[in-house]
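Please look over the sequence and structure shown here before reading the briefing that follows. The points after them are grouped by topic.

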There are 2 protein chains.
Amino acid sequence: MGSFPRADWLRAARRALTDAPHEAFGYGGPRGRPELRAALADYLARARGVHADPDRIVVCSGFQHGLMLLAAALHARGARAVAVEPYGLDVYWRRLREAGLRTPALTLDERGTRTEDLDARGPGRPAAVYLTPAHQFPLGGALPPDRRAAAVDWARSSGGLVLEDDYDGEFRYDRQPVGALQGLDPERVVYAGTTSKSLAPGLRLGWLVLPRDLVADVLRAKGDADWACGALDQLTLAEFLTSGAYDRHVRAMRLRYRRRRDQLVAALADRAPEVRVSGIAAGLHAVLELPPGTERSVLRAAALHGLQLQGLDSYRHPDAPRRASGGPDGLVVGYATPTDSAWTGALDALCRVLP
Amino acid sequence: MGSFPRADWLRAARRALTDAPHEAFGYGGPRGRPELRAALADYLARARGVHADPDRIVVCSGFQHGLMLLAAALHARGARAVAVEPYGLDVYWRRLREAGLRTPALTLDERGTRTEDLDARGPGRPAAVYLTPAHQFPLGGALPPDRRAAAVDWARSSGGLVLEDDYDGEFRYDRQPVGALQGLDPERVVYAGTTSKSLAPGLRLGWLVLPRDLVADVLRAKGDADWACGALDQLTLAEFLTSGAYDRHVRAMRLRYRRRRDQLVAALADRAPEVRVSGIAAGLHAVLELPPGTERSVLRAAALHGLQLQGLDSYRHPDAPRRASGGPDGLVVGYATPTDSAWTGALDALCRVLP
């Protein structure tokens with residue numbers, strides 16, 4: 001975020017403001033600006049393999065808003081549960097519960113979330129499953145191909161949906177990006193993306209790419225007018241995407257984050273060689289596995305050094321067993337947000353607090 | 001909206017983007033940007049007589065969002081009803097009902113909404129009353145001083161709240177602006193404003209000025225982060241306000257709308273002298289009183305001429321009696337939105353369809 005492309009964004013804003021049609025300043029429709037949906041359809045197909053024509057895109061103000069819309073639409077259709085990953089953000093589980101949906105957690109093994117355990121039958125059957133297939137948050141693995149297929153198979157046979165949260169899909173370092181799960185079956189997968197990792201959370205812009213038969217229900221949940229998303233930012237992002245500025249920015253950020261990741265890995269290898277780092281093939285954070293029972297004390301030490309770190313335990317779903325006997329504790333280290341000037345000091349402090 | 005100040009807005013955006021601190025690009029807090037709340041506090045005190053220190057301001061994405069936040073906060077406190085005006089926007093009544101609140105309507109006489117009928121006792125007592133004191137929507141009158149006082153007295157004696165929707169308070173033509181009701185008692189009145197009339201609905205920016213003891217509840221309803229309002233537009237509006245560009249724009253728009261109003265009144269006097277025009281001392285719309293029983297046929301004729309008009313009946317609350325015997329039908333004519341090129345033709349078409 002220290003690298004928000006202020007000059008390029010302003011250039012896009014100037015162009016967008018100049019070109020904006022009269023009606024763009026009025027109450028927008030709940031789908032979001034057509035210019036942005038067209039630009040996203042093109043970009044998402046190209047960069048993420050998403051089957052995304054503009055008619056099935058609904059603009060929202062970030063993932064949480066998209067999740068609330070989807071939860072309302074599912075609940076209105078009679079859904080009563082959405083399965084979730086055993087580690088994740090509890091604020092999302094809370095949003096689902098506030099919409100009247102239970103959030104049973106799948107289980108985990110060393111290959112990631114066990115989507116093959118999804119059950120197509122039974123009264124407690126969830127209506128959807130929430131997944132972070134490209135880069136599990138926070139553990140960091142990519143969902144293996146057989147488990148991607150299992151999730152889609154489950155959705156097909158049960159009439160359920162997969163909700164794919166592609167929060168950092170553009171940031172893969174070690175090989176070609178893992179394509180979006182949505183490409184496997186656009187009628188059974190909801191694809192969700194935002195600018196929060198690629199540009200800045202402060203923009204409050206995200207998008208849902210929906211199965212055709214879900215679009216009307218989500219628009220109904222959003223309401224008569226687009227009361228959530230400002231037209232000017234939408235138009236600016238559209239211009240930013242179509243001008244190529246977005247691709248350039250993502251490339252630059254990928255290099256920057258990759259460099260930070262490499263610095264993190266090198267510093268740890270040098271100063272804390274016992275600590276295993278995982279989840280680093282992609283994304284903006286790494287998981288540092290800690291000796292069992294040390295997570296809390298490391299977090300306390302980190303806080304004393306002014307480091308904002310989270311332990312894996314704070315992302316554990318109540319259904320999920322503690323990774324007790326033998327399973328390591330872990331530290332979630334985000335490396336995107338510090339400014340360049342803060343980064344070196346943060347890295348040094350991190351190495352100090354590790355056991 | 002044909003007059004959105006594109007160049008001035010862009011100038012403010014450049015300044016805002018240049019000056020924005022690093023953290024502005026991150027997840028914002030639910031109150032909204034401090035720069036914007038400070039600028040609004042100053043502006044609202046100066047222009048509308050609102051007692052508005054920044055700590056009691058919550059930024060939202062327009063009035064409807066603010067209403068939803070407030071409704072959720074009131075419901076969480078145990079409220080079960082909000083009294084409304086007998087004419088208004090049914091989408092607001094719907095939002096209140098969706099939050100679990102009944103929406104009983106007050107009654108109307110020739111002086112406006114009868115706030116003196118609010119009852120401080122009884123089990124059906126509303127927790128709040130929604131009012132448009134400066135310029136009743138859609139009828140167009142200002143709430144007389146004794147009825148402003150009655151609403152505040154009711155709130156004080158009942159522990160209730162007044163929700164003041166100041167949607168077009170800046171646009172008063174014939175005398176000094178009617179100050180905000182909130183100035184009478186900031187602890188019993190919620191003041192709500194937006195940029196939808198003064199700048200453009202497409203911005204999706206509004207604000208609530210709250211009694212101190214309601215701030216925490218509204219923030220809770222808004223959630224942990226500001227998932228609704230983009231930081232850049234907030235910073236740009238702050239700069240737009242503090243630089244004086246907002247005042248200049250409002251002055252220019254006031255002249256422009258006043259000229260349109262005068263053209264409307266002159267055209268009607270010339271070509272439809274029987275039609276009485278009301279609600280024209282302020283705002284962006286007028287009410288044309290029609291002979292009883294003609295509203296529907298005039299609306300049909302207007303639609304055939306491509307005019308987007310609403311009849312008064314479409315704003316009538318289910319509780320409110322039809323303005324039958326003797327009471328005229330009416331046409332609500334907005335004069336802000338047409339471009340200059342469309343305006344003359346629209347005015348001509350309007351005169352044609354009048355009886």
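How many residues does the contact take from chain A, and how many from chain B? In this predicted model, the contact takes 44 residues from chain A and 44 residues from chain B.

**Contact between the chains**

**Aromatic pairs**

- Over all chains, a search of the whole structure finds 22 aromatic pairs. One of them is formed by A:Phe4 and B:Phe25, whose ring centres are 4.4 Å apart and whose planes stand at 25°, so the pair is stacked.
- This pair joins two chains, because A:Phe4 lies in the segment before helix H1 (6–19) of chain A, while B:Phe25 lies in the loop between helix H1 (6–19) and helix H2 (34–48) of chain B.
- Both partners are buried: A:Phe4 has a relative accessible area of 4%, and B:Phe25 has a relative accessibility of 2%.
- A:Phe4 and B:Phe25 belong to one aromatic cluster, together with A:Trp9, A:Tyr43, A:Phe240 and A:Tyr246.

**The sheet of chain A**

- In chain A, 6 strands form an open sheet with mixed pairing, and their order is S1-S8-S7-S6-S5-S2. Strand S1 (57–60) and strand S2 (82–83) of chain A stand at the edges with a single partner strand each, so one side of each is left without a neighbour in the sheet.
- Strand S5 (residues 128–131) and strand S6 (residues 161–165) of chain A run parallel and are joined by 4 bridges; within this chain, A:Ala128 has A:Leu161 in S6(A) as its bridge partner.
- Helix H3 (residues 63–76) of chain A lies across S1, S2, S5, S6, strand S7 (189–194) and strand S8 (206–209) of chain A, and the helix runs at about 170° to S6(A).

**The sheet of chain B**

- Chain B has an open sheet of 6 strands in the order S1-S8-S7-S6-S5-S2, and its pairing is mixed. The edges are taken by strand S1 (57–60) and strand S2 (82–83) of chain B, each of which has a single partner strand, so one side of each is left without a neighbour in the sheet.
- Strand S6 (residues 161–165) and strand S7 (residues 189–194) of chain B pair in the parallel sense over 4 bridges, and B:Glu164 stands opposite B:Tyr191 in S7(B).
- H2(B) packs on this sheet, where it touches S1, S7 and strand S8 (206–209) of chain B, and the direction of H2(B) makes about 105° with that of S1(B).

**A buried arginine in chain B**

- B:Arg256 has its place in helix H8 (residues 245–271) of chain B, and at 11% relative accessibility this residue counts as buried.
- Leaving aside residues up to four places away in sequence, B:Arg256 touches B:Ser3, B:Pro338 and B:Asp340.

Conventions. Residues numbered from 1 in each chain as written. Chains lettered and ligands numbered in written order. Predicted model: local features only at pLDDT ≥ 70, side-chain atom pairs only at ≥ 80, totals over all residues. Heavy atoms only, no water. Pairing = 2+ DSSP bridges. Contact = heavy atoms within 4.5 Å. Axes fitted to C-alpha atoms, helices over the stretch in contact; angles between N-to-C directions. Phe/Tyr/Trp six-rings, centres within 6.5 Å; stacked < 30°, edge-to-face > 60°. Buried < 20%, exposed > 50% of the residue type's maximum accessible area, 1.4 Å probe, protein only.
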